[in-house]
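Student: Please take me through the reading of a structural model one feature at a time, giving the general idea before the particular case.

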Amino acid sequence: MASSLARLKILVAITGASGSLYAQRLLDNLDPRQHEIHVVLSHYAQQVIAEELPGGLRLPDGVKPHGLKSMNAPFASGSNPPDAMVVIPCTMGTMGRIAHGYSEDVLQRAADVVLKERKKLILVPRETPLNLVHIKNMELLLLAGATLIPANPSFYSGAKTIVGLVDTVVARVLDHIGLAHPQAKRWLEPEKQND
Ligand SMILES: Cc1cc2nc3c(=O)[nH]c(=O)nc-3n(C[C@H](O)[C@H](O)[C@H](O)COP(=O)(O)O)c2cc1C
């Protein structure tokens, strides 16, 4: 379980890109007893979760789910932003809407709030191949202060399972939230013991 001394407020936003398992593994690695964890799903996230996660999304005890269409969520206001928001996986559609400030639902509004309040917005985009619209939206988001961590697993980790590969991306997300995972395998670091 990833840890840090400070209690962080973290919003995990899940959209309808392939890779629902990335969101599941991020949630599995955040401790709601130590941090305040909120979750919001786009409408299409539900459809992709139904395709990709047998048994559906498991929300760990203590995680607070929010409806997409209600602005009655703390992170809808700049007066109460999360310390970090992760959109995982992030569709090209949501990425474009965030890049252009649509704020039409609480997920998009939260991303707008996080950018304007200079908190951490981490996007885990998933699409292939990319077109120029995607690239331009990514450029805009980088200029606005977001961090892009594409859903590209690393293979030097020696991961033997799909979850192991997914976790190579989740470990980088945790790094950028400021919650390094103790078991994350790092390049040229001695093997860690699993205990
Ligand atoms: C099974 C499935 C997989 C999809 N994978 C992707 C994907 O990897 N990337 C992407 O940008 N859109 C993907 N889509 C399309 C999005 O779900 C669609 O554009 C949707 O409007 C996005 O809405 P959202 O951004 O509100 O979640 C997928 C759709 C389905 C049904």
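Student: How does Leu 188 count, as buried or as exposed?

Tutor: The scale is relative accessible area, where buried means under 20%, exposed over 50% and partly exposed in between, using a 1.4 Å probe and protein chains only. Leu 188 has 72% relative accessibility and therefore counts as exposed. Leu 188 lies in the segment after α6, where helices (H or I, at least four residues) and strands (E, at least two) are DSSP runs numbered from the N terminus. Although Leu 188 is not a glycine, its phi is positive, about 65°. Please keep in mind that this is a predicted model, in which local features need pLDDT of at least 70 and side-chain atom pairs count only at pLDDT 80 or more, while totals for chains, interfaces and linings use all residues. Residues are numbered from 1 along each chain as its sequence is written, and side-chain values use heavy atoms, with hydrogens and water left out.

Student: What is the phi of Ser 103, and where does Ser 103 lie?

Tutor: Ser 103, also a residue other than glycine, has a positive phi near 55°, and its place is the loop between α3 and α4. Ser 103 counts as partly exposed because its relative accessibility is 22%. A further positive phi, near 60°, belongs to Arg 118, which follows α4.

Student: Which residues of the largest nonpolar core touch the most other members?

Tutor: In soluble globular proteins, nonpolar side chains tend to be buried together. A nonpolar core here is a set of buried Ala, Val, Leu, Ile, Met, Phe, Trp, Tyr and Cys residues joined through side-chain atoms within 4.5 Å. The largest such core has 31 residues, and those touching the most other members are Val 12, Ile 14, Leu 26, Ile 88, Val 173 and Ile 177. Elements giving two or more residues to this core include β1 (9-14), α1 (20-28), β4 (84-90) and α6 (162-177), and the largest share, 6 residues, is from α6. Leaving aside neighbours within four places in sequence, Val 173 is in contact with Leu 26, Val 86, Ile 88, Ile 122, Val 124 and Ile 149. There is also a second, separate core of 26 residues, which includes Phe 75, Ala 110, Leu 115 and Leu 123.

Student: What kind of peptide bond joins Ile 88 and Pro 89?

Tutor: The bond between Ile 88 and Pro 89 is cis, with omega about -15°, and Pro 89 is in strand β4. Another cis peptide bond runs from Thr 128 to Pro 129, with omega near -10°, and Pro 129 sits in the loop between β5 and α5.

Student: Which residues are the closest to the ligand?

Tutor: A residue belongs to the surroundings if one of its heavy atoms lies within 4 Å. The ligand is surrounded by 14 residues, of which Gly 16, Ser 42, Thr 91, Thr 94 and Arg 126 are the closest. Thr 94 lies in helix α3 and counts as buried because its relative accessibility is 5%. A nitrogen atom of the ligand is 2.7 Å from a polar backbone atom of Arg 126, and a backbone N or O atom of Ser 18 is 3.1 Å from a ligand nitrogen.

Conventions: Contact means heavy atoms within 4.5 Å. A polar contact is a pair of N or O atoms within 3.5 Å; within protein, one must be able to donate a hydrogen and the other to accept it, and residues adjacent in sequence count only if both atoms are side-chain atoms.
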